[in-house]
Structures are given as C-alpha cells and as structure tokens.
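Biologist: I have the sequence and the structure open side by side. Could you walk me through what they show?

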Amino acid sequence: MKIVLLGAPGTGKGTQAQFISNQYNLPIISTGNILRKLVKKNTKVGNIINNSISNGKLVPDIIITTIVKNIIAKLKKETGFILDGFPRTIQQANELKKMGININYVFEFILSKDIILKRLQGRRVDPITETIYNINIDSNNNTKDLPKKLTIRTDDHINIINKRFQEYETTTKKLSNFFIEENKKHYLKYFKIDSNHQIEFINKKIKKILKCNKINI
Ligand code: AMP
C-alpha cells in the first residue's frame, strides 16, 4: 500500500502519517523531517536546503526528488510506504510516475487559512524527543503535559508561514487536480479529508476508508 498525504502546512499530515504507519506498519517518508536533518549537517546542499526552508520556499525539485528516489530505491519493490510532504510539485509527481511507482491512496487534508495560521503559530517541538505539541490545543485540553523546554520551528514564524502558504496556493495545490485525474486509474483512489476535527475522528475516518476501499495491489 503506497499512500500520499497532501495538504497545506499545518493540516495534520504528519500526525495522520504516524497513525497510518502504526496501524499498517508502513514506513513514513517525511520530506520535511529528512530535509531538516540534512540542514543540521551543514554541507553545501544542506545550506541550499536551509536557504529554501527558512525563506518559506520549496527546496529545488532536483534535490528533493534525488533524495526521495534514493530512499525508495532502497525499499523492496513490494514494500508500501507513506509519503508525507512529497510530491509538492507536478514535476515531483511525474518523477514518481517515471519511477514506475503506483500510488494507491491519496488523502488531501483541507483546512481554512485562518485555522492553519493559528495552528502553526501554536506549534512547538520538544528538542530532545522531537514530539510535536500545540500550545493552543494541548494546554487548553490538558491532553498532554507540556514539557518545560519547547522550541519553535524556524519556519513557524508568521512571515514565513505566510510565504509557505503562498507556495502551497500557487504550486502544491495543483496536485489536487493531478491526483483527481489519476483517480480514474484502477489502482489509485483519492479522498478529501476535512481537517477541522479532532485527531481521533480523522484517524477513524481514514481507517474506515482504507477498510472499505480495498484496492487489489
Ligand atoms: P514540512 O515539514 O513538510 O512542512 O516541510 C518543511 C519545508 O521543507 C517546506 O516548507 C519546504 O521548504 C521543504 N520541503 C518539504 N518537502 C518538500 C518537497 N516535497 N519539495 C520541496 N520542498 C519541500
């Protein structure tokens, strides 16, 4: 089972990737996480990546597709995976096709811009465990004890969030129609998910979709 999670930043792709991964024992390929690790290495390519991320821009296609291709090439052909944050451009999606990869499920997460802005500004990361918290949601609901030392992602500041959202609107959103077209193929199913619900509600919805829409892979 090969799954793509689409959607603007802050729509919950990462959270749902973790849920699907736990449920179906699938590896997650999160391009954002991979790129942030490369930035820490402080190499020439790491600096180019850092420049894109910290300016709210997409990393050049050639860099990200090479990274993703290498990761997928290392997996067994029949192994499924979850792509969280890839593809983000039509060119990236075409590269997947060129590799002969048939994506089976695409979930596109939908959320209004004002909620996205609120969510991203409340996002915090535990620098040790890398667990993601949201100070607006987690502290109000008392669902999790917030660790004392939390950091803010460099691209989670309002001016950069706006630029990331702009990139999504002008570039990544086009993938919606791309995959709706692909949906006509027998091996791919595309679903829109309203992200304005509790995490557990969305978990259940995804689980039901995967249970009721079996594809012969
Ligand atoms: P994310 O953690 O998915 O929000 O990604 C953080 C940043 O990494 C994005 O704002 C982009 O700068 C970069 N990035 C992640 N995935 C991609 C991709 N598929 N193509 C280009 N840039 C990406």
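Modeller: Bear in mind that this is a predicted model.

Biologist: Which residue in β4 is the bridge partner of Ile3?

Modeller: Ile3 has Tyr105 as its bridge partner in β4.

Biologist: And how many bridges does β1 form with β3?

Modeller: Strand β3 (residues 81–84) pairs with β1 over 4 bridges, in the parallel sense, and within that pairing Leu83 of β3 stands opposite Val4.

Biologist: Is β1 itself covered or open?

Modeller: Strand β1, residues 2–7, is mostly covered, with 6 of its 6 residues buried. Lys2, Val4 and Leu6 point one way from the strand while Ile3, Leu5 and Gly7 point the other way, and all of these are buried.

Biologist: Switching to the whole chain, how many helices and strands are there?

Modeller: The protein chain has 10 helices and 7 strands. Its radius of gyration is 17 Å, close to the 17 Å that the globule rule gives for 217 residues, so the chain is as compact as a globular protein of that length.

Biologist: What share of the residues is buried?

Modeller: Buried residues make up 44% of the 217 in the protein chain. As for contacts with a separation of 6 or more, 70% of them are between residues 24 or more positions apart.

Biologist: What about charge, how many positive and negative side chains are there?

Modeller: The chain carries 38 positive and 18 negative side chains, and the centres of these two sets lie 3 Å apart.

Note on methods:
Residues are numbered from 1 along each chain as its sequence is written. This is a predicted model: local features need pLDDT of at least 70, side-chain atom pairs count only at pLDDT 80 or more; totals for chains, interfaces and linings use all residues. Side-chain values use heavy atoms; hydrogens and water are left out. Helices (H or I, at least four residues) and strands (E, at least two) are DSSP runs, numbered from the N terminus. The radius of gyration is taken over C-alpha atoms; the globule rule is 2.2 Å times the number of residues to the power 0.38. Buried means under 20% relative accessible area, exposed over 50%, partly exposed in between (1.4 Å probe, protein chains only). Contact means heavy atoms within 4.5 Å. Lys and Arg count as positive and Asp and Glu as negative; His and the chain ends are not counted. The place of a charge is taken as NZ of Lys, CZ of Arg, CG of Asp or CD of Glu. Two strands pair if DSSP finds at least two bridges between them.
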